[in-house]
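Subject: Structure for your review

Dear colleague,

Please find below the structure that I am handing over to you. My notes on the disulfides and the nonpolar cores follow it.

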Amino acid sequence: YTILSKVHSDRNVYPSAGVLFVHVLEREYFKGEFPPYPKPGEISNDPITFNTNLMGYPDRPGWLRYIQRTPYSDGVLYGSPTVENVGKPTIIEITAYNRRTFETARHNLIINIMSAEDFPLPYQAEFFIRNMNVEEMLASEVLGDFLGAVKNVWQPERLNAINITSALDRGGRVPLPINDMKEGVYVMVGADVPFSSCLREVENPQNQLRCSQEMEPVITCDKKFRTQFHIDWCKISLVDNTKQVSTFQEVIRGEGILPDGGEYKPPSDTLKSRDYYSDFLITLAVPSAIALVLFLILAYIMCCRREGVCIYYFTFFCRSIQLVHHSAIQKSTKELRDMSKNREIAWPLSTLPVFHPVTGEIVPPLHTDSYDNTSMPLMQTQQ
């Protein structure tokens, strides 16, 4: 189903077009390329990362992907070669970096893509497995278990793994690091027989309705996968290439001579005069008149109808009334004081002459007869 190989210097591999290709870059092999560990007797566990690119180019071919989770895990090259690359050797440069000593080691992987006689397989199904990451699915024993389960359900004569794609490459989101959540992986397989009734159950109207309501569809053969693989049956894709209608249209080539369109008649040299006065009125005069009217209305609102003007006049009127009231009060107060002066009443006892406590002499009053006693207190300070 797939081609697995160990990494070696200038290794030649021969994958088939349209069949999954997997190449493992083992850290154990590259450890021998770097200096020994500083302390003798200790097991070398240097962090090693890999860089892969097509010879003469900064990146890999479009069909080839690479993944390595941590510097302490092996790297994996995987992908599905295309028919366009058949017969063209592809040289991949593999550079290993030792993150402890900063040493590098380089090897070449020569990929010779072969044509497959039974490719493409006409019936292809793509499954979405939710509880797997791409590097876990690329392991030979895990992929073999999945293909065995598919073969039990489908019963084909030939079954190939065509491609494996991470859900992150399809626009999926990175899962949260809780409960050992997986990112999910898409696995495409091909067979030479039509789809089984179990795989067709996902196309039932009842299951389509359940999928639209984000509910699990009822699939009879799901128990054959559930023990190890959690398949999202709402995302399964079934492609029957035998019913694909070709959209290619054959191009009918002519003689290369354009049809006769008659004699060419160029436009006249003389141009008819045109009056632009009406255009001027429409484009300039009318908008200018409307703008002037709007300006006058705005000026009237801003200058004559302002709220501040009304407040100013109201405040001035109120202040005038307050001044009138104040002058009337002052006038009334003065009249009352003049009237109180003219009253002939007895002086308070406190204002009568008193004897000096030491000499016995009579002390005159503290005020004269013309003194304004309207504001005089009843009790005078005694000396």
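Cys198 and Cys221 form a disulfide, with their sulfur atoms 1.4 Å apart. Please bear in mind that the model is predicted. The link of Cys198 and Cys221 is left-handed, at -70° about the S-S bond. This pair connects distant parts of the chain, 23 residues apart: Cys198 lies in helix 4 (residues 197–200), and Cys221 lies in the loop between helix 5 (205–212) and helix 6 (223–226). Both Cys198 and Cys221 are buried.

The structure holds two disulfides. The other joins Cys211 to Cys234, with an S to S distance of 2.1 Å. The link of Cys211 and Cys234 is also left-handed, with -85° about the S-S bond. Here too distant parts of the chain are linked, 23 residues apart: Cys211 belongs to helix 5, whereas Cys234 sits in the loop between helix 6 and strand 11 (237–240). When the bonded cysteines are counted along the chain, the disulfides of the protein chain follow the pattern 1-3, 2-4.

Cys303 is classed as exposed because its relative accessible area of 54% is over the 50% limit.

I turn now to the nonpolar cores. The largest comprises 40 residues, of which Phe127, Met137, Phe146, Trp154, Val189 and Trp233 touch the most other members. At least two residues of this core come from each of strand 5 (75–79), strand 8 (123–129), helix 2 (134–137), helix 3 (140–154), strand 9 (159–166), strand 10 (185–191) and helix 4. Helix 3 gives the most, with eight residues. Domain 1 (5–113) and domain 2 (123–240) each provide at least three residues of this core.

Leaving aside residues up to four places away in sequence, Met137 touches Ile129, Met132, Val142, Leu143, Phe146, Ile164, Val185, Val187 and Phe229. There is also a second, separate core of 19 residues, which includes Val13, Phe21, Ile48 and Ile111.

With kind regards

Technical notes. Residues numbered from 1 in each chain as written. Predicted model: local features only at pLDDT ≥ 70, side-chain atom pairs only at ≥ 80, totals over all residues. Heavy atoms only, no water. Disulfide = S-S within 2.5 Å. Helix = DSSP H or I, 4+ residues; strand = E, 2+ residues; numbered from the N terminus. Buried < 20%, exposed > 50% of the residue type's maximum accessible area, 1.4 Å probe, protein only. Core = buried A, V, L, I, M, F, W, Y, C linked by side-chain atoms within 4.5 Å. Domains from an automatic or database assignment. Contact = heavy atoms within 4.5 Å.
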